[in-house]
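Please keep the sequence and the coordinates open while reading.

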Amino acid sequence: MTDQLKRAISAAKTAQANDGQAEATRIASSSAGDQTFDMSESSYKTSHTAIRKARRFAMQGLYEWLVTDRRFDVDGKLGWKANAPHDIAARTRATNAMHTVHIGYYHEMMRDIPEQIEALDALISQHLDREVDKLDTVEHAILLIGAYELQNRVEIPYKVVLDEAMKLNNHFGATDAHKLINAVLDKMAGELRAVEVQADTNANLRTSQKAAAKQSEANPVDSIETAAETESAIVDEPTASNKPRISANKANVKRSSASKASANISDFKASKKNANDTKD
């Protein structure tokens, strides 16, 4: 083994050790709560699939936080709190393959939603027929993500927010939970995105009016053709009203073979009767 090869192997081992130490430092600092994340989109995958995966991880992380620290906070057991959102995010990154996830958006939701939990719950409760704490935890987490995006992420169309919430429920929620989630977020969209919802309604109305106008323009031609075809069918195909009638007074009416036989018998009987009368 040459000295050059030995030096290359040694450099590779040193770089690997440094990377491992940097990762351990990052996790430790995240647990301590003093890590800041680069939120620039150029640092992460930003496709629709990456953002959808970020929502899934955020939903799971929020669920864990809601059943631990958030519940202890609501119940007044502050001494039990030991599962902060940034700790959950750090464990998630350490134990999952996150290279296809929009990490920036994931950390944004894990940071901002717990900070805005009171305001988001107030928005949600306005459109509920029960208390927020009576919600299933999975439904609560999905509604928190939907409410956060409707209020803070105006660049995401409200229909996308509703559709993604339905996908989260299909993946994690109960069978009929989509009815509640869709109803709440739809009402919330009408409140938080009133201009966008109205513009979408107007666009749909214009589209339907254009379709109706095109159909009405095409209808006269179709009606004339249909009427002509119907009239032709009536002329070509005799119906019960225009079929030729058979009259016994007309000698040239053609009869069927059974009718001819019956007529011959009647004629024979009549002629025989006449002959007998003549004899008498």
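Helix α4 is mostly covered, with eleven of its 13 residues buried; buried means under 20% relative accessible area, exposed over 50%, and partly exposed in between (1.4 Å probe, protein chains only). The model is a predicted one, in which local features need pLDDT of at least 70, side-chain atom pairs count only at pLDDT 80 or more, and totals for chains, interfaces and linings use all residues. Residues are numbered from 1 along each chain as its sequence is written, and side-chain values use heavy atoms, with hydrogens and water left out.

Helices here are DSSP runs (H or I, at least four residues), numbered from the N terminus. α4 covers residues 103-115 and reaches 18 Å from its first C-alpha to its last, close to the 18 Å expected; the expected span is 1.5 Å times one less than the number of residues. The buried residues of α4 include Ile103, Tyr105, His107, Glu108, Asp112 and Pro114. Among the elements that cover them are α2 (48-74), α3 (85-95), α5 (117-125) and α6 (137-152).

Helix α7 (residues 158-172) holds Leu162. Is Leu162 buried or exposed? Leu162 counts as buried because its relative accessibility is 9%. Leaving aside neighbours within four places in sequence, Leu162 is in contact (heavy atoms within 4.5 Å) with Asn182, Leu185 and Asp186.

A cavity is a set of points on a 1 Å grid over the protein atoms alone where a 1.4 Å probe fits but cannot get out, and lining residues have an atom within 4 Å of a point. The largest cavity has a volume of about 40 Å³, and the structure holds one cavity of 30 Å³ or more. Volume is the space filled by probe spheres set on the points, which are joined across faces, edges and corners.

The protein averages a pLDDT of 78, and 64% of the residues score at least 70; pLDDT is the predictor's confidence in each residue, from 0 to 100. Over residues 25-41 pLDDT stays under 50, and the model has 23 contacts beyond four places in sequence for them. Residues 246-255 are also below 50, with five contacts beyond near neighbours in sequence. Where pLDDT is low, the predicted coordinates should not be read in detail.

Key. Helices (H or I, at least four residues) and strands (E, at least two) are DSSP runs, numbered from the N terminus. On a 1 Å grid over the protein atoms alone, a cavity is a set of points where a 1.4 Å probe fits but cannot get out, and a pocket is an open set with protein on both sides within 12 Å along at least five of seven lines; lining residues have an atom within 4 Å of a point.
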